[in-house]
Amino acid sequence: MNDILAVENLSKIFMMHILNGKVIRGCEDISFTLPEGESIGILGPSGTGKSSILKCIYRTYIPTEGRIVYHSLQFGTVDLASAPENIILALRNTEIGYVSQFLKIMPRVSALDVVAEGLIKRGTEKQEARYRAREHLTRLQISPDLWDAYPSTFSGGEQQRINIARAAIVKPRLMLLDEPTASLDGRTREAVIDLLLELKREGTSIIGIFHDLDTMFQLVDKTYDMSVFDSYKAEV
Amino acid sequence: MIDNSTEIALSLQGISKIYGPSCPACIQKTGPEMGTNICPECGSIVACADISLDLHAGEILGIVGESGSGKSTLVKCLYFDLEPTYGEAYLSYYGNGRLNIFSETSQKKRYIRNHIMGIVYQNPHMGLRMNFSCGGNVAEKLLTADCYHLGKIRHRASELLTKTEVPVARMDDLPRNFSGGMQQRVQIAKAMANNPPILLLDEVTTGLDVSVQAKVLDLIKSLQWELGISMLVVSHDLGVVRLLTNRTAVMKNGRIVEIGLTDQILEDPQHVYTQLLINSLL
């Protein structure tokens, strides 16, 4: 299998100008590869920069050093660390999905429309998109009473499942998961794992951070261990 | 000029606006590093300097910055309300993206303004004629865009007012008698009348109370969603920019200090001023 993604010597350092130039290390010298269709779990204690890696790949953070080589269908080989913003936006729209730890979405949009949005953006008919959104919501055990309500009022676990549903519905080629099952109970966690396994079978490559190892080992083919890295080094 | 293979709707290249005599030192001795807009040599005010950016087709691009950073000056230059001192701008919808719109004749500029662009100002008094009915205001924009059929004009006006949630029954009332939020929605209807591919929005929700602000923002979002209009959204409010845009430019002392993906600007700001701005969020 060819690699869909290769992270090469990635480092992220935050320069806090407002704290007189204090330097905070996000992650340092990260390298790993991900073969297409496989999944990798990032392991390590809290604060070691696991989320920073995902955010660098999604370009919410601008990497300080290193390359993130992604093999896209649309543009060929792209270095996500330095690609122009419109390429990144196009890839986010069509190939790369991201499930953040916390749901951040438009206020005043119903749960059903939040989930359907990605499909409509890609040109699916509204009716069809809503139909598929209902399927996903049912599958992730969101009560039909909530479908036309606003997710900002939902419980933590419900919000998390909405977040997963909206990313999974478009079947991205590369899925970045930041603690997707953190606030779920056993039954709903199973539903989420089931959905993610199905995505994987259909070819989605996954990079994930999981707080419980049980979930992780059901989903990943290999792990990347960051526990050797010490993030509490801060320099002035 | 704009390369037609790219999906750029509007390209700004090195736009500067200087008030006063202006000397060779003006640009060098002002800006965020100097912390001032006033040239120490000649006293000219550099409202904005060397602004270059591309607006992609169907994109909403945000411009944030404190008051006095030159945001409105830039928008007013684009709508020909002000004449830039230096700089060029190209529209993919005009002359195949090869003609600098600032060096066109005033007749051509009027054409661009009436057919290709729409603007919504912070102050409805600038965008609306308060003593003409709100239907008349929409009609004005349609007339300038060569639509003279009265029936069609009334039909289009009621269509737009419905879309912007202004009761059609009040089409013949004066905007003077409307609330601020309603005036703003009439202004949006007017700006949209000629189906412009580019819409300039200058602090459209500033001064509105939050529930009305939410309505106006939802309207803008849905217009972009349905019609794919390219928009330049100027705001000092990061919340507005987060809600509406994919990319954001940050301005300070008349310069763009940082431009990037909106989530990156919010979570990983690079420039000193952007970090200060993000940390000033409530």
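Predicted model: local features only at pLDDT ≥ 70, side-chain atom pairs only at ≥ 80, totals over all residues.
Reader: Which residue follows H7(B), and near what value is its phi?

Author: The residue that follows H7(B) is Gly228(B). Its phi is positive, near 60°.

Reader: Which elements of chain B do the buried residues of H7(B) pack against?

Author: The buried residues of H7(B) include Val216(B), Leu219(B), Ile220(B) and Leu223(B). Their partners in chain B are both strands and helices. The strands are E3 (60–64), E6 (198–202) and E7 (230–235), and the helices are H5 (150–163), H6 (180–192) and H8 (238–244).

Reader: Why does the span of H6(B) agree with its number of residues?

Author: H6(B) has 13 residues, which at 1.5 Å a residue should span 18 Å. The span agrees because the end C-alpha atoms of H6(B) are 18 Å apart.

Reader: How many residues of H6(B) are buried?

Author: Buried here means under 20% relative accessible area. H6(B) is mostly covered, and the buried residues number twelve of 13.

Reader: Which residues does Ile188(B) touch, not counting those up to four places away in sequence?

Author: Ile188(B) is among the residues that touch the most other members of the largest nonpolar core, which has 77 residues. Nonpolar side chains tend to be buried together in soluble globular proteins. Beyond its sequence neighbours, Ile188(B) touches Val120(B), Thr164(B), Val216(B), Leu219(B), Ile220(B) and Leu223(B).

Reader: About how much area do chain A and chain B bury between them?

Author: The contact draws 24 residues from chain A and 21 residues from chain B. Carbon and sulfur atoms account for 60% of the buried area. The total is about 1,900 Å².

Reader: Which residues of chain A lose the most area to chain B?

Author: Three residues together make up 28% of what the chain A side buries. They are Ile18(A), Glu85(A) and Arg108(A).

Reader: With which residue does Glu85(A) meet in a salt bridge?

Author: Between chain A and chain B the count is five salt bridges. In the one that involves Glu85(A), the N to O distance is 3.1 Å. The partner side chain is that of Arg247(B).

How values were computed:
Residues numbered from 1 in each chain as written. Chains lettered and ligands numbered in written order. Heavy atoms only, no water. Core = buried A, V, L, I, M, F, W, Y, C linked by side-chain atoms within 4.5 Å. Buried < 20%, exposed > 50% of the residue type's maximum accessible area, 1.4 Å probe, protein only. Contact = heavy atoms within 4.5 Å. Helix = DSSP H or I, 4+ residues; strand = E, 2+ residues; numbered from the N terminus. Expected span 1.5 Å × (residues − 1). Buried area = accessible area lost by both parts, 1.4 Å probe. Salt bridge = Lys/Arg side-chain N within 4 Å of Asp/Glu carboxyl O.
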